[in-house]
Each structure stands twice: as structure tokens, then as C-alpha cells.
Amino acid sequence: MADDPTSQANYTEIATEHVSFKWTIDFANQKIAGSATHDLRVLKDDIGEVIFDTADLVLESVEVEGKSTSYEVKPKHPIMGSALHIPLPSGLKSGSLIKATIKYETTKECTALQWLAKEQTQGKSFPYLFSQCQPIYARAMAPVQDSPSVKIKYSAEVTSILPALMSAIRQSPPSDGPAHDGKVIGKDAVTYVYHQPIPIPSYLIAIAAGNVVYRPFPRLPGKEWTCGIWSEPELIEAAYWEFSEDTARFLASAEDIVVPYRFGVYDLLVLPPSFPYGGMENACLTFLTPTLLAGDRTLVDVIAHELTHSWFGNGVTHAHASHFWLNEGWTTYIERLLLQVLHSPAERGFSFIIGNKALKDDLEMYVDRPKYQRLVIEFEKGEDPDDAYSGIPYDKGANLILHLERTLGGLDVFLPYVRDYVSTFMGKSITTQQWKSHLYGYYERNGGAEKIKALDSIDWEAWFYGEGLELPVKMEYDSSLAESAYKLAERWDSSRSVEISKLAFQANDLDAFSSTQKGMPPKLWTDYIKKANEVTAVVFLERLQSYKPLPSSHIEHLASLYKVSSTHNAEIRLRFYQFSLADPSSPAAQKYAVEAADWVIGGGSGMVVGRMKFCRDVFRAVFKVNKDLAVSAFQKEKNSFHPIARKLIEKDLKLSS
């Protein structure tokens, strides 16, 4: 296996097996101070040093086997950070264990951490801290061998004046006990103790601290794992309502498809709005954006995606950034299979249709950098993996696996392989070649020459390394749920020469179905209808983008009629802004560019729409309409965005290279 192109650690010679963190969260000075003690396994005889990845840390001291030792921090690489070299005693043999303790503190340059002022929270009474370590930012929070190839157990003792959460199982105080162990929140220090007994990659080490409360979800009969929700008190009712009905059901259904869940706890944390992703699959504690709180459970499918990572990513892990698609492609494929199991095959097809539009947009975004259109990206040493971040590994990867399913004979033939794949590599980090070799090996044993011939018919080179705007094969999806959206978009396209006063469109055009319940219980049918209407609106607005832009008068009428420019559903609002800003010179684009920019920066509230799926797309669209508007809006709330989002938006707006 080739070394990780984003790490300077010598993990192939000596690797961490367990790390113990002792941290104090200092809100006043916005830093974490403490120590990391590594239990290291020697993998090569006579290894003379251990090398950790670090970034913008202030080191205080280093001990090896309890004895103070010298160390060297190498000059900072702009992407990989500063390699920490620690000498080891001579004569170490492969297989032996050795302990190293580093005392340090983080700095305000830490990319992994975002510190929020109280004004940027729902309660406006206490500050907030949360981390985001994927892909390569754990090194800014602690000295680690920051590669997915290294999977570690960890324990933590975190002292904080606000409740502290981590991607592990809480030992004390109990989650369902009094908040902050009954002490005064924001004043009294409490030490929170956590343990993660399952080896995970460093990018899954996560922390959050703020005025958060917990509510457990109802337990499913026969399940040993538990689920629950954390959020600020002001959101706990809404968050519990949004996710309590589906989370455990999704997790149990995923177990039926794959293998049993092994992390013991699956909790959700709704973060403040600057969180840069829809969700982050931190072990035991999925981080979520508040943009999912639509008030109608229409966006809960993100939970299906994040919990599927428990097997694909957290369980079977990509070896390094070049193979990231193994995490996201597999997760997206299984997420959509869950939609089929929970709802219908048409739901699965609908999700692939929506994903296909996003895939085409992202492939077009990288026309001038076609390397990033590939599924397997051969990163140079020190290349920034965030430069390649897009939906391509998600949707191109999911389409490859769907193509495999169909080529090999359908789900009855494919699902036994999926279970074998997960069982074989659970707890390991693998490359694309290892995945492919196992695939061939499985079907050689379970199908013989016929299945091998089917696998050989796949153009692997085109799927892995192909560039351009098209997939290697033309993929067909069940489009039955999209037909009403397609027909409505066609009607709008045909209406462009009709006066507004003579248009026959109605406010309920986007209602997906009649009131016929098709045998479903009333409550399930109501939730299903809401979800169907939401995705119908998304597909309708995306379909409109395939036509020549409508006249500005029609765009404004559409916005007013369907309320798509003011909806609280961020997925619909994003698509409306993409549609309305498509012709940068139009009066509609000039009008809605102002609204779009104001939306993503929170209207001056400091509560920005930090999810990069929304803010980056909107800033890029506004930039094409009015560069000065995009730049000035971003600069106004620049520091309210997470450091990762801030860095990428600056590149999008040509403020940095």
C-alpha cells in the first residue's frame, strides 16, 4: 500500500493503537490545552523515531516511557502542517509497545476547531465549540498520525465549563442525568470521561462543547444499541420531533442489509448553522446541520446517509484520500437502497435522478481540472484533498456500484457479496485495488466463470480514471416519481411567450400525488406526501435549469406562486437560486442575487448558512452575477464561517489561490 499523500507520519514503521487525551477547554482564550498519550506498536525492527502530524500546535514537552526527551518540529508545509519527530530508545523490535506523551495546546489558527460567540448560537447565552477533522485536520487538534490508514482506540478526559461531547461512549457523567452533572453551566468546571473501544481513523475524533441537552429516542425491541438527540435547549423539541421517528428505524434497516451495528451508541447532535456539512459521521455521534430541521421530516434522509457510514467509512475505511470514493460511493449506494427498502424502488430512482444532476454540475465545475473528475484521484504528495471535494466520489461511486449490481444479476446476487465485503474488511483501511481484488475473489468462489465474465465486461479504467462530463455507461433510473416535475417544467418552458396575467399555473402544482393513500396508515402517508412534494420541487427546479432561462417576469411569478424564494427548506431554496441566477445579466438574477447573498450570510444575524453545499454554490452563482456583491457579502461575515468553508469560499471568489 502506498503511503498517504497527505501525511508525514511514519505509520508503516510504528503506529498508534490507542491514544489518551486529557484536555481542558479554555473558552476565554479559545484553545484546548492538555496532553495526548500514544500507545504505539513497533512495526519495524530498530526504528529510531516516531513521526506525528501536527498543524499550528504549541508544544510544551514530550515524554517517552515516562522520561522527558528532546523533539523536533519541522518547518510547516502549507497543506500537511509540521512533522513532529520524537527519538525513540535504540533496539526496539517489531511487535513491541512503547508509550509517548505530548503536552501541547491548540492555537487560534486551528483549522479543526470553530469557536462561536454566544451571539452565533440559538440561546445567545453561552459560547460554543465544535470540531471538523475530516479530511486532514485532526493534526490541528492533537499530534496524531493523521491518516485513515491508522485506526485507533481512544479515551478522553475533558474538563469544561459547558457540557462536552465526543465521538465515543460517555463513561461519566451519564448522558441522561442532569445537564452538566447538575453544576452551574458556564461557570463550574466538570470533567467528562469518554471511551472509544472500536478502532477508528483520526478524522473521526470529534468534540463539541456548548449549552446542549440530551433526549433519548425510544429503544427498539431486541436492539442493544441506543439512539438519542443532543441540541441547544431552544431546539431540542424541534430536533427530537424531526428525527425521533426515523433514526432507529433507519439503523435497524441498515443492519438488515449489511451486518449488525457495532458502536453501541448512535446519537445525533444538531450544531449551530456554521457547520460546513449536512452531516458528519463521527463515531457514536453524528454531527448535523440545523438546515435539516425543516419542520416536516422531509430532509431526514441525511440520517440514512450518515448512519450508513457506520459500515462504509467508520468500519471499512479508505486507505487515504485517493480512495475516498470507497467511503462515499458505497455509503450513497446503500443510503439509496435503504430508500427502496423503507419506501419503494421509485424512491431509490428518484434519489439517483437528483444525485445525477448534482454530479453533472460538479463534473462541469472541474472541466479545467479534469483530474478531479476521476473516481480514483492520484494525489501528489502534499496536495490538498479539499481542492477535490465535490459530489463526484458520492454519485459517480454510487453509480459504479449500481452498475455492478445490475451487471451481476440484481440484488439477490449482489447483497450477499456486500455482506461478505463488509465482514472481510471491517476494521481495516483499504485501497481501490484491494476492493476490486476481493470483488473478483468473491464471485470466483460464488458464481465462477459466468460472473467473472460479467465483471470483465466493466470498463474499470474508464470508471476509475475516466474524465469528462459523462459516466462510462448511460445509466437509467426509475423516473416514475419525477414525471410530474418534468411535465410541469416543460409547461413553464412552453409558457415563456405568454403574458403573466394569462398563465394558468396554480400554487398546488408541486403537490406530487392525489390523496389516495395506497394502503398506507394515515400518518405514514402524510409524511410520505410531504417528502414527495419536497423532492418534486427539487426535481422541478433542477429540470428547469436544463432549459433556456425563463424571462425575468416568469421567474418572479414562479417564486411568488410557489414560495420557493422564501421557503425554510434549504434544498428547495438552493435550487431556486441556481435557477434564478442562471442568466447573470437578467433583471431576475440581479434581484435574487441580493436575496441569495443575504440568505447565506444570515441577514446580519451572524447565523450564516455554513453548509458548504449551500453557501459555496450560492456564492459561486452570485459571483457570476455581481462579483462585488459576492465578495462584500462574504467579507461581512467571513469569520462566522467554519475555517474549512472559509478557505474554500475564498478560492471560489478568487480571493486566494
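Predicted model: local features only at pLDDT ≥ 70, side-chain atom pairs only at ≥ 80, totals over all residues.
Two residues are in contact here when heavy atoms of one lie within 4.5 Å of heavy atoms of the other. Leaving aside its neighbours within four places in sequence, Trp492 is in contact with Leu503, Phe505, Phe540, Leu544, Leu550, His554, His557, Leu558, Leu561 and Tyr562.

As background, nonpolar side chains tend to be buried together in soluble globular proteins.

Now step back to the whole chain. Its secondary structure comes to 18 helices and 22 strands. The radius of gyration is 25 Å, close to the 26 Å that the globule rule gives for 657 residues, so the chain is as compact as a globular protein of that length. Along the principal axes, the C-alpha atoms fill a box of roughly 85 × 65 × 50 Å. Buried residues make up 60% of the 657 residues. Among contacts between residues at least 6 apart in sequence, 72% join residues at least 24 apart.

For a look at the strands, begin with β8 (residues 97-105). Strand β2 (residues 31-42) pairs with β8 in the antiparallel sense over nine bridges, and Arg41 stands opposite Leu97 of β8. Strand β4 (residues 58-64) also runs antiparallel to β8, joined to it by six bridges; here Val62 stands opposite Ile102.

After α6 comes Gly409, whose phi is positive, near 120 degrees.

Side chains of opposite charge can pair when their charged atoms come close. In this model the count comes to 34 salt bridges. One of them joins Asp56 and Lys76, with the closest N and O atoms 2.9 Å apart. Asp56 lies in the loop between β3 (49-54) and β4, and Lys76 in the loop between β6 (72-73) and β7 (82-87), so the pair ties together parts that are 20 residues apart in sequence. Asp56 is partly exposed, with a relative accessible area of 22%, and Lys76 is partly exposed at 48%.

Another salt bridge forms between Arg215 and Glu237, whose closest N and O atoms are 2.8 Å apart. This pair links distant parts of the chain, with Arg215 in strand β16 (residues 213-216) and Glu237 in helix α1 (residues 236-243), 22 residues apart. Arg215 is partly exposed, with a relative accessible area of 26%, whereas Glu237 is exposed at 52%.

The side chains of Arg620 and Asp617 meet in a salt bridge, 2.5 Å from N to O. Both residues lie in helix α16 (residues 612-625), three residues apart, about one turn of the helix. Asp617 is partly exposed, with a relative accessible area of 23%. Finally, look for a network of salt bridges that links Asp384, Asp386, Asp387, Lys647 and Lys651.

Terms used: Residues numbered from 1 in each chain as written. Heavy atoms only, no water. Pairing = 2+ DSSP bridges. Helix = DSSP H or I, 4+ residues; strand = E, 2+ residues; numbered from the N terminus. Salt bridge = Lys/Arg side-chain N within 4 Å of Asp/Glu carboxyl O. Buried < 20%, exposed > 50% of the residue type's maximum accessible area, 1.4 Å probe, protein only. Rg over C-alpha atoms; globule rule 2.2 N^0.38 Å.
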